[in-house]
Amino acid sequence: MPLSRRQDLLRALPYARRYARALCGSQSSGDLLVAESLRELMAVDDPTLPPRLRLYQWISRHHAQHGAQDAKAGGMPPLARKLLLLTSLEELSVNDAARVLAIAQPQAAAMLEDAHARLRSCAQTSVLIIEDEPIIAMDIEELVRQCGHTIAGVASSEEEAVRLARETRPGLILADINLGDGGDGMKAVSAILQHQDIPIIFVTAYPERLLTGDTIEPAFVITKPFEPLTLAVSTYQAVSGGVPLN
């Protein structure tokens with residue numbers, strides 16, 4: 001494989017990790033999926049797709065090969081989940097997502113329409129928001145409500161987040177990383193998870209900093225600013241637990 005394409009693949013790694021982790025529901029399974037895909041991709045040179053799309057394609061294939069193709073966790077087929085994640089979380093066009101999954105564009109469009117309808121009818125949950133900027137917190141509250149969820153509380157510091165999680169027992173936590181003078185969102189979540197098993201979505205303007213694969217990192221990451229659909233898809237995937245590898 002030419003050096004330039006190898007470099008493009010390496011630049012695509014953080015986004016590939018985000019897709020794979022959200023698809024699998026965990027950092028470890030998602031990163032394993034990326035490692036397997038990258039190892040095989042490096043051994044071949046196929047210029048039919050740009051490197052980033054090619055990496056998404058191999059991740060999707062490996063995921064299906066692990067037996068997830070027949071699973072319907074949360075009531076949605078894995079192929080529809082992949083389309084949702086590729087178009088919302090990874091911001092691909094429907095055409096590019098169809099190319100990644102090797103299906104016709106009209107079929108992809110029809111599947112997405114059905115998947116969006118499933119999202120609107122899925123079970124709702126209560127959400128604890130951890131965000132230190134009041135205006136941003138208000139915007140996130142509105143987006144959460146647009147997705148049909150209720151607000152368990154809004155915390156602006158580590159201490160407040162831990163207290164509210166204990167008091168409200170939310171079904172999901174939506175956490176910023178940097179809480180300014182209020183501390184660290186990841187530390188707050190770590191403290192909460194010592195006592196409660198709650199799905200977490202981290203929100204950050206710099207997702208590549210959380211997707212290095214070098215340390216314990218989040219399974220679900222969305223980028224500021226985000227659209228209601230991105231939140232809806234990520235919430236569905238986090239609450240339903242993804243489709244883990246065998």
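**Close-ups of a predicted model**

**View 1. Glu-90 sits in the loop between α4 (78-89) and α5 (94-101).** Helices here are DSSP runs (H or I, at least four residues), numbered from the N terminus. Is Glu-90 buried or exposed? It counts as buried because its relative accessibility is 3%, where buried means under 20% relative accessible area with a 1.4 Å probe, protein chains only. Leaving out residues up to four places away in sequence, Glu-90 touches Tyr-15, Arg-18, Tyr-19, Arg-52, Tyr-56 and Leu-85; contact means heavy atoms within 4.5 Å.

This is a predicted model, so local features need pLDDT of at least 70 and side-chain atom pairs count only at pLDDT 80 or more, while totals for chains, interfaces and linings use all residues. Residues are numbered from 1 along each chain as its sequence is written, and side-chain values use heavy atoms, with hydrogens and water left out.

**View 2. Helix α4 is largely enclosed by the rest of the structure, because eleven of its twelve residues are buried.** Among them are Pro-78, Arg-81, Lys-82 and Leu-86. Just after α4, Glu-91 takes a positive phi of about 60°.

**View 3. The largest nonpolar core has 57 residues.** Such a core is a set of buried Ala, Val, Leu, Ile, Met, Phe, Trp, Tyr and Cys residues joined through side-chain atoms within 4.5 Å. Helix α1 (residues 3-24) gives the largest share, nine residues. Those with the most contacts inside the core include Leu-55, Leu-86 and Leu-174.

View 4. A second, separate core of 16 residues includes Ala-161 and Leu-179.

Definitions and conventions: Buried means under 20% relative accessible area, exposed over 50%, partly exposed in between (1.4 Å probe, protein chains only). Helices (H or I, at least four residues) and strands (E, at least two) are DSSP runs, numbered from the N terminus.
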